[in-house]
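Good morning. I will talk about the pockets in one protein model, so please look at the structure first.

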Amino acid sequence: MSSVSCPSCGSSNVVDDELYSQPQVVCADCGFVLSEGALANDPLGGSDVSYRQTTAVVKKPCVNLIKGLQRVRAICRILRVHSEIEELSQTYYQQSYQHQHFIKVALQKKEVLTGCCVLLSCRLRNWPITMGTISYLVEADPMVVGGIYQEMVEILKVETPIVNITDEMEGYCQEYKITSSHVPEDLAENHKDLTKRAVALVELAADTWIVTGRKPVPIMMASIFLSWQSLRPTRKRLRFSLEKFCKLAKVKNLRPTLKRVAELKEVLCKLGRELPWVRDAVTPDNVALQVEDILNHRYALFRSALRTHENALLTEQGGCDDLLLDRQAGAEAAAAARVSGFDSQTPNTSCVEASVQDSKKAERAGDAAANSCTTPDLHSSTGTPENHDQHPNWGKRVLFAPPCVTHPKKRRVQRSEPSDVTGDEEISDSEIDSYLRTPQEAQVFALSQKVLCSSRNEEE
């Protein structure tokens, strides 16, 4: 370093001195240390590097994220989905987990989030999985799963496709081991035929309010059971109970399914009685023989059943001729509106409500026209308190009504307090005696007062 001179003495005897691994340029004659800036700007000395850059490492995922990804893979393996769905589910879980909306939530919500990511991926890839199945796997309430699913879809901004009931039913029918390779030939059934008949029964249940407010899996199970019986209604199949059928198909029997079967049979009986070529009485025991005809002609049978029920109510109450004609026209208009709603061949649960509303309008018009004949409101679901007092359960007067209305839960009657109590009434001798102390009570009270007084004196 002879080209560098010392600024203090002008000597060119400048050497490199390493002090504690810190190289410095020092003058050997006078000991002057050259400036640090010269060392920093020296190409041999390197450049400044921040502490954060020198110690930067790859950030490892947290323990809960690792467990969540493992849970996502486990759910995908249980459902036996494609590897593409499994990878997509893990990607959605990482995105939603690291989002600020889900980063600071309870572990239970993160557990439900794993199932929601699998459900979203299955729907995007047209894999038939219901929300009830996901709720069962994550052991959570379907309402909670649905809420978290909606939040995740809004945060990730993903457009989910509309679920088709036919695909859902077809995937659910695959779980029933009732093909010819699993059961005898007389009890075996093809999955395609079973799905087609079960979908028609589910649509019928939706049109008659059975689906309203109910869990879907028991209704699907009930429709599959009735479809299996009605496709080949032999004596052996008709003798099968629901529990025996579930054991045959190797599926778990759900408790509400038996009620759904009874409700479906009740609706089928109401429509089966309108078949003109059936001469025998249609009962829940033999209605499986008429299921095919009922489903093929259910639009016309709805019209006939509504008209028959309307005429029966008017006959019981002895309506006037003008009122009868008006209400018949209202029933026909309601049935026509119902048929127009069925033209789309899609489940339409509002058709029954429309028919009830049309019948209600026709009835009000008939009541206004017939002043000499006063009849109560037959189909009104809402009205004045006086009308509710006269007819507390309007669902029993309508042919098709929600089961929660037809069979409502018992409620406690709120008894009003008697208004004739003023507080100035005379007190009887027996009530006065009940307020007086007995001699034993008076002796105990005097003894306790004496003890209290003595303790106070000692303290003072």
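Helix 6 supplies six residues to the lining of the largest pocket, the largest share. Helices here are DSSP runs of H or I with at least four residues, numbered from the N terminus. This is a predicted model, where local features need pLDDT of at least 70, side-chain atom pairs count only at pLDDT 80 or more, and totals for chains, interfaces and linings use all residues. Residues are numbered from 1 along each chain as its sequence is written, and side-chain values use heavy atoms, without hydrogens and water.

What is a pocket? On a 1 Å grid over the protein atoms alone, a pocket is an open set of points where a 1.4 Å probe fits, with protein on both sides within 12 Å along at least five of seven lines; lining residues have an atom within 4 Å of a point.

The largest pocket is lined by 36 residues, and Gly132, Thr133, Tyr172, Glu175 and Val217 lie nearest its centre. Among the elements giving two or more residues to this lining are helix 6 (131–138), helix 8 (165–173) and helix 10 (216–231). The lining divides into 20 nonpolar, six polar and ten charged residues. Charged means Asp, Glu, Lys and Arg; nonpolar means Ala, Val, Leu, Ile, Met, Phe, Trp, Tyr, Cys and Pro; the others, Gly among them, are polar.

Now the second largest pocket. Its lining has 25 residues, with Arg214, Glu263, Pro403, Thr406 and His407 nearest the centre. Helix 13 gives the most to this lining, six residues. By class, the lining has eleven nonpolar, six polar and eight charged residues.
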